[in-house]
Amino acid sequence: MKKVLGLALGILTAIGGFLDIGDLVTNAVVGSRFGLSLAWVVLVGVVGICLFAQMSGKVAAISGRATFEIIRERLGPRAGGANLAASFLINLLTLTAEVGGIALALQLASSVEPRLWIPVAGLAVWLVIWRTRFSIMENVTGLVGLTLIVFAVAVFLLGPDWSTLADQAFHPKVSAQEGQASYWYYAIALFGAAMTPYEVFFFSSGAVEEKWTVKDLSQSRMNVLVGFPLGGVLSVAIAACAAIVFLPKGIEVSSLSQIVLPVALAGGKLALAVVIVGIVAATFGAALETSLSSGYTLAQFMGWSWGKFRRPAHAARFHLSMIICLVIAVGVLMTSVNPVAVTEFSVVFSAVALPLTYLPILVVANDPEYMGERVNGRLTNGFALVYLVIIVVASVAAIPLMIVTGAGS
Amino acid sequence: MSDLPEDRRPAGRVLDARLHLLDRQILDVDGTPVCTVDDLEVHGLDGSDLPGGTQQAVITSLLSGAVLATRIFGGRPPASRWHRIRWTHVSDVGTTLRLGVRSEELDVTWQERWVRDHVIRRIPGGSHDPG
Amino acid sequence: MLASRVIPALVALATVAGCAVGSSSTQADDARALTDPLQQASSAVATATIAVDLLGDDRVTPPVADTALVDQVAVLDEAAFAVTTLVPTDATTAGWQQDALAAVRDAQGSVVAARSWANDAGHGQQAVDDALDASAHRLDQLTTQLQDAS
Amino acid sequence: MILGDLLDAPVSGPSGDRLGYVVDVRFVLDGPLDGLLASPRLHGLLVSPRTGTSFLGYERTGVRSPALLARYYAWRHRGTFLVRWEDVDSVAPGAVRLVDGYRRFSPALHGPV
């Protein structure tokens with residue numbers, strides 16, 4: 001019984017933890033402009049993150065080594081250091097977006113302008129990192145984030161024309177008005193939103209934090225293989241809501257306040273309250289994960305003592321670097337930069353940086369020195385190579401497409 | 001993989017520096033991360049560095065700190081800025097290097113101690129287990 | 001490795017590319033450059049309409065409606081900026097620009113009025129809805145006209 | 001000397017002809033006992049005709065999968081050889097010179113590590 005509960009908890013947390021501000025914004029924007037014609041990208045992204053997270057979790061559980069230790073060791077200080085610089089900056093960008101997302105969601109709940117919420121949100125994130133146990137932190141935000149299921153409920157309540165939605169999803173067409181370049185630019189953005197590198201840093205370091213062993217692998221595999229795809233279903237539901245309400249009216253999503261309107265239309269104030277709680281939990285959870293990831297990447301590269309399971313005094317530089325990152329994120333947001341715009345950039349750059357983290361993990365997952373007999377099987381390697389190609393193509397195409405489309409505008 | 005003759009099989013374990021030593025995590029006797037192997041110091045047994053078959057050369061210390069910056073950007077730090085961990089302290093070489101001493105007792109962790117004493121311990125809750 | 005050096009440069013480039021709406025050469029180019037902000041304005045007015053209707057039906061809380069409307073004010077600001085910074089090629093397109101600016105300004109008025117109403121300070125919902133409808137209609141007409149010209 | 005002095009240094013033969021670059025340095029744990037372990041004895045240098053890029057370990061270990069990656073890295077570093085430390089004549093900053101009659105060995109690592 002206890003085992004079943006543990007399994008259920010893990011899966012529910014994975015669903016709730018899957019969505020962050022990047023998924024929310026990108027799916028809604030894409031839904032309002034392209035309907036469900038990019039839903040296939042979510043599928044590709046979800047399979048990719050399952051594969052990648054599963055591999056890095058397996059490496060961490062068996063060898064006890066987290067992702068960035070491996071990157072440093074395999075790529076050496078120069079290539080590894082460049083990788084660190086890129087990953088760290090993108091992580092910081094994502095952290096900024098998430099903290100901004102918390103503030104925007106709190107604005108919806110209170111009408112108090114986001115600039116007043118930003119320092120509060122930053123402080124709250126830090127307090128949780130400073131004082132709360134890892135498992136509590138992960139389970140609470142994950143479970144509360146599960147309330148985002150209201151997007152899926154809203155799709156049914158809106159009573160859409162299902163054949164239109166199915167037609168968009170299964171026979172993707174690019175409207176003449178949007179153009180091929182925009183379509184593919186948003187395809188990469190969606191892919192980057194589903195496969196953000198911080199999820200992998202967090203997942204593998206979390207495995208070390210929670211002291212996973214080989215025994216925990218089947219549980220983690222279930223969490224990933226069931227939880228992430230269900231999280232992907234919620235992503236598509238967000239896009240569907242926007243496709244049903246906004247696409248016919250020619251409305252382009254550019255703010256968080258628009259994303260919640262279809263839910264209110266479908267379910268009234270109650271649904272609205274639930275979705276706001278869900279967005280706060282999802283962005284707050286992701287803000288925790290990205291802050292920790294910035295500490296993890298830096299500490300693992302430098303060989304510092306790290307981990308939430310230690311007292312802050314026993315991982316001093318790790319905690320100091322997270323404090324500095326949060327201060328920077330809050331500082332950037334206080335310049336009145338639009339968090340939604342920051343989010344859009346962060347997901348695209350996530351796609352750009354993905355090969356840098358993916359390749360070393362793939363290599364180590366095949367190294368018997370680390371993995372013993374549990375090296376990747378042929379099937380996993382087959383999939384992994386297909387994804388290596390997809391990831392490299394997306395990474396190379398992202399920036400040219402960004403320039404051609406003027407960042408999708 | 002090549003037509004070259006096989007080297008004689010050595011008596012001890014073979015360690016290729018880049019593959020097995022450099023950039024690996026160093027853990028202390030309690031399993032606390034200390035630093036990474038940023039470079040290695042090698043000396044001849046008679047103290048000179050000359051090759052030429054007259055004498056053996058061995059690794060005397062693991063280095064960390066400023067040598068990382070020079071491995072990335074080039075150049076060579078002055079010897080005064082090398083932080084050494086004597087090979088004497090190494091107890092095991094695997095996917096990590098284990099030491100037989102505690103992290104506290106080593107020179108290389110001075111920054112960690114400085115940040116701990118001047119910043120982290122001064123913030124309330126910094127010395128307690130997460131609740 | 002390349003990424004760390006190239007990214008900042010490309011961000012700058014992308015930003016510049018994104019802002020390069022201002023200068024254009026033919027009538028068709030001008031029409032196209034004006035259509036984008038007009039569609040943006042239409043999107044803002046349509047969002048405002050949804051927000052007003054939902055508030056009228058008591059399906060959203062006042063803070064959400066207010067936030068949605070403020071966000072649309074910001075979108076209209078962007079649209080107005082894009083229209084005002086266009087350099088027209090000739091007298092005809094200069095006329096279009098004036099029309100577009102008037103339509104966007106009108107939309108701004110409607111959304112601001114809607115926000116006043118949402119904060120219990122304006123006229124009744126009917127008046128607000130009518131104003132939004134009229135703005136939407138005006139924007140649509142002008143957009144169609146410009147699309148035909150481009 | 002520190003290892004940074006040796007790694008990536010150009011290697012030339014006895015007559016000054018350029019042979020390649022030091023891509024790795026091989027040690028063997030059979031030196032005099034130093035604390036808990038034997039000290040690692042400098043056994044030889046791995047010299048590749050091409051420079052740069054990490055090996056990712058493919059060249060010398062038994063790792064063969066994913067096959068495409070393994071083949072690519074093995075191909076990039078074809079021609080790599082091992083020279084023993086006895087066969088090194090001198091190490092000046094940025095230059096390694098080998099003795100007359102130096103011998104090349106296969107760079108492969110023996111058995112499971």
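**Entry 1: chain D**

How many helices and strands make up the secondary structure of chain D? I looked it up and found two helices and eight strands. Helices here are DSSP runs of H or I with at least four residues, strands are runs of E with at least two, and both are numbered from the N terminus. Reading from the N terminus, I noted the order α-β-β-β-β-β-α-β-β-β for chain D.

Before going on, I wrote down the ground rules. This is a predicted model, where local features need pLDDT of at least 70, side-chain atom pairs count only at pLDDT 80 or more, and totals for chains, interfaces and linings use all residues. Residues are numbered from 1 along each chain as its sequence is written, while chains are lettered from A and ligands numbered from 1 in the order in which they are written.

Next I checked burial: 43% of the 113 residues in chain D are buried. A residue is buried if 20 or more other C-beta atoms lie within 10 Å of its own, exposed if 12 or fewer, and partly exposed in between, with C-beta atoms placed from the backbone.

**Entry 2: confidence in chain A**

I looked up pLDDT, the predictor's confidence in each residue from 0 to 100. Chain A averages 90, and 99% of its residues score at least 70. Among the elements of chain A, helix α1 (residues 2–18) has the lowest mean, 77, and helix α13 (residues 316–334) has the highest, 96.

**Entry 3: who touches whom**

I counted two residues as in contact if their C-beta atoms, placed from the backbone, lie within 7 Å. Of the four pairs of chains that touch, chains B and D have the most contacts. There, 40 residues of chain D meet 40 residues of chain B. The largest share of chain D's side, five residues, comes from β2(D). I sorted that side into 22 nonpolar, nine polar and nine charged residues. For this sorting, Ala, Val, Leu, Ile, Met, Phe, Trp, Tyr, Cys and Pro are nonpolar, Asp, Glu, Lys and Arg are charged, and the others, Gly among them, are polar.

I also found strand β1 (residues 14–16) of chain B pairing with β2(D) in the antiparallel sense over three bridges; strands pair if DSSP finds at least two bridges between them. In β2(D), F27(D) is the bridge partner of L15(B).

Between chains A and B, 28 residues of chain A are in contact with 27 of chain B. Helix α4(A) gives the most to chain A's side, with seven residues.

Which chain has no contact with chain B? That is chain C, and the closest C-alpha atoms of the two lie 12 Å apart. Chains C and D do not touch either, with their nearest C-alpha atoms 12 Å apart.

**Entry 4: cores**

I then looked for nonpolar cores, sets of buried Ala, Val, Leu, Ile, Met, Phe, Trp, Tyr and Cys residues joined through C-beta atoms within 7 Å. The largest has 211 residues, and those with the most contacts inside it include L190(A) and A51(C). Helix α12 (residues 256–302) of chain A gives the most to this core, 26 residues. A second, separate core of 47 residues includes L106(B), V108(B), L3(D) and V23(D).

**Entry 5: a helix in chain C**

Last, I followed helix α2 (residues 27–56) of chain C. Its 30 residues reach 43 Å from first C-alpha to last, close to the 44 Å expected at 1.5 Å a residue; the expected span is 1.5 Å times one less than the number of residues. Because 22 of the 30 residues of α2(C) are buried, this helix is largely enclosed by the rest of the structure. After α2(C) comes D58(C), with a positive phi near 60°.
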